[in-house]
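User: I am new to this structure and would like to learn how to read its features. Could we take them one at a time?

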Amino acid sequence: MMKQRKLPRISIITPCLNQGHYLQQCIDSVIMQNYQNLEMIIIDGGSSDDTISTIKAYDGKISYWVSEPDNGQSDAINK
């Protein structure tokens, strides 16, 4: 019997701020990869557009998300 290899975990970290329209396309693209050991993390800088509603619509597909003010993309990724 051949043992099945476990795929390595891949983390996709997406920093964003007021990018609700583009965020949906980004999430859909990641989901369409059909990779079994994938975690999607979204770090939002406190958006005032539809970003949060987009994130909540994909809640079952996103491993972790937060929306709070930050000091830009680098700070968001470092979180």
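Analyst: A polar contact is a pair of N or O atoms within 3.5 Å; within protein, one must be able to donate a hydrogen and the other to accept it, and residues adjacent in sequence count only if both atoms are side-chain atoms. This is a predicted model, in which local features need pLDDT of at least 70 and side-chain atom pairs count only at pLDDT 80 or more, while totals for chains, interfaces and linings use all residues. Residues are numbered from 1 along each chain as its sequence is written, and side-chain values use heavy atoms, with hydrogens and water left out.

User: Which residue has a side-chain polar atom 2.8 Å from the backbone oxygen of Leu7?

Analyst: That residue is Asn37. Helices (H or I, at least four residues) and strands (E, at least two) are DSSP runs, numbered from the N terminus. In those terms, Asn37 sits in the loop that runs between helix 1 (20–31) and strand 2 (38–44). Contact means heavy atoms within 4.5 Å. Leaving aside residues up to four places away in sequence, Asn37 touches Lys6, Leu7, Pro8, Arg9 and Ile10.

User: Is Asn37 buried or exposed?

Analyst: Buried means under 20% relative accessible area, exposed over 50%, and partly exposed in between (1.4 Å probe, protein chains only). Asn37 has a relative accessible area of 15%, so Asn37 is buried.

User: How do Asn18 and Asn34 read on that scale, and where are they found?

Analyst: Asn18 belongs to the loop between strand 1 (10–16) and helix 1, and its relative accessible area of 35% makes it partly exposed. Asn34 is in the loop between helix 1 and strand 2; its relative accessibility is 61%, and therefore Asn34 counts as exposed. Their backbone angles also deserve a look. Phi of Asn18 is near 55 degrees, a positive value in a residue other than glycine. Asn34, also not a glycine, has a positive phi of about 55 degrees.

User: Where is Asn78 found?

Analyst: Asn78 is part of helix 3 (residues 73–78). Asn78 counts as exposed because its relative accessibility is 67%.

User: How many salt bridges does a search of the whole structure find?

Analyst: A salt bridge is a side-chain nitrogen of Lys or Arg within 4 Å of a carboxyl oxygen of Asp or Glu. The search finds two. In one of them, Arg9 pairs with Glu39, and the closest N and O atoms are 3.6 Å apart. This pair links distant parts of the chain, with Arg9 in the segment before strand 1 and Glu39 in strand 2, 30 residues apart. Arg9 counts as exposed, at 52% relative accessibility.

User: Which side chain meets that of Glu68 in a salt bridge?

Analyst: The partner is Lys79, at 2.9 Å from N to O. Here too the pair links distant parts of the chain: Glu68 is in the loop between strand 3 (64–67) and helix 3, and Lys79 is in the segment after helix 3, 11 residues apart. Glu68 is partly exposed at 34% relative accessibility, and Lys79 is partly exposed at 44%.

User: Which residues make up the largest nonpolar core?

Analyst: A nonpolar core is a set of buried Ala, Val, Leu, Ile, Met, Phe, Trp, Tyr and Cys residues joined through side-chain atoms within 4.5 Å. The largest has nine residues: Cys16, Leu23, Ile27, Val30, Met40, Ile42, Ile55, Tyr58 and Ile62. Helix 1 provides the largest share of this core, three residues.
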